[in-house]
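User: I would like to learn how to read strands, helix packing and a chain contact in a model. Please take the features one at a time.

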Amino acid sequence: MGKTIVITSGKGGVGKTTAVANIGSALASMDQKVVLVDADIGLRNLDVVLGLENRIVYDIVDVVEGRAKLRQALIKDKRFPNLCLLPAAQTRDKEAVSPEDMIRLCRDLREEFDFIIIDSPAGIERGFKNAVTPADLAIIVTTPEVSAVRDADRIVGLLEAMEKEESKLIVNRVRTKLVSRGDMLSVEDVLDILSIDLIGVIPEDEHIIISTNRGEPLINNNSAPAGRSFLDIARRILGEDVPINMYTEDENLFTRLKRLIGWR
Amino acid sequence: MSTIIESIKRLFAHETSSKEIAKERLKLVLIHDRSSISPEIIEQIKEEMIQVISKHLEIDRGGMDFSLEGEEDSIALMVSIPIKGMKRNKKKSRD
């Protein structure tokens, strides 16, 4: 029986979809059978982040409304044989799917997959409820900014009200330099305010922009600090005890020299 | 380099780092968010308090300060009401 994980945030643009794509492909690379479900109906994006946008035939609404079988709607990722995507519908709205539909859908997916990872839309309305209702574990993504942390706090409260017991936090886009000069909330500050368990810290990393441009997950790239951090999160999800590590760009002689003479 | 200069500047100017400001602001805003007291209820409490106090004291409504504040886990309703003067007993002041 598979485990259902929702990745959510409240605020938009903090990196939910990127997290879903990278944690999903990381778990798939560790021999887990993974399905990614895009619950952002009307504003689908997980397909483009994964580079699978040209292969969509049926979507989640087609499955819920009985026009397609689940098997027909699932898109297999050729790069990761264990990874599938169930895309959102682009021309419908969030009301097309109910939380009960999502529970039924995930019950079917559980038979076949080890992990079902749901990409939640921003906001706290119907789409959020759809995404969160079937989940065993909620992963909240935030950035070290006042607005994102505030919204994450609201999500923590809503999850508690929905009696979702297990929630974890990812602090995304941490800029070590800004933190060390006191111009960015540190991971400790964020944890102090939100008081939930940390599952990972992702440094700001331009490789993310490049990989999203290409529609490729980052975890294949060993020199990308964000990719290594996502791999660590996947290991923690699998129950490994991996210490939190703040990866930085690997320094070679040239970059070290540049830094020494203050030219960056 | 600029980081070090910034830090030294800050050390001498006793300037609060922007992160400390962010943290304080967040803590305050979360006190409001977490308490389920709506702005309407706050407004109602305010009006009722003014009514009661106005019976005995002449107050400066414009200078009033009414807010929820918190330290660590406790929340306090902080009210500051400037008093213009005492009302005379048995004689209604026509203000």
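Analyst: Start with chain B. Residues 24 or more positions apart make up 52% of its contacts with a separation of 6 or more, where a contact means C-beta atoms, placed from the backbone, within 7 Å. This is a predicted model, in which local features need pLDDT of at least 70, side-chain atom pairs count only at pLDDT 80 or more, and totals for chains, interfaces and linings use all residues. Residues are numbered from 1 along each chain as its sequence is written, and chains are lettered from A and ligands numbered from 1 in the order in which they are written.

User: What is the secondary structure of chain B, and in which pattern does chain B run along the sequence?

Analyst: Chain B has three helices and four strands, in the order α-α-α-β-β-β-β. Helices (H or I, at least four residues) and strands (E, at least two) are DSSP runs, numbered from the N terminus. Of the 95 residues of chain B, 1% are buried; buried means 20 or more other C-beta atoms within 10 Å of the residue's own.

User: Which strands pair with β2(A)?

Analyst: Strands pair if DSSP finds at least two bridges between them. β2(A) runs parallel to β4 (residues 83–86) of chain A over four bridges, with L36(A) opposite L85(A). Five bridges join β2(A) to the parallel strand β5 (residues 115–119) of chain A, where I116(A) is the bridge partner of V35(A).

User: How is helix packing described, and at what angle do α1(A) and α11(A) cross?

Analyst: Two packed helices are described by the angle and the distance between their axes. The axes of α1 (residues 16–29) and α11 (residues 225–237) of chain A come within 8 Å and cross at roughly 60°. Axes are lines fitted to C-alpha atoms over the stretch in contact, with angles from 0 to 180 degrees between N-to-C directions.

User: How many residues does each chain bring to the contact between chains A and B?

Analyst: Chain A brings 15 residues and chain B 16. On the chain A side, α7(A) gives the largest share, six residues.

Technical notes:
A residue is buried if 20 or more other C-beta atoms lie within 10 Å of its own, exposed if 12 or fewer, and partly exposed in between; C-beta atoms are placed from the backbone. Two residues are in contact if their C-beta atoms, placed from the backbone, lie within 7 Å.
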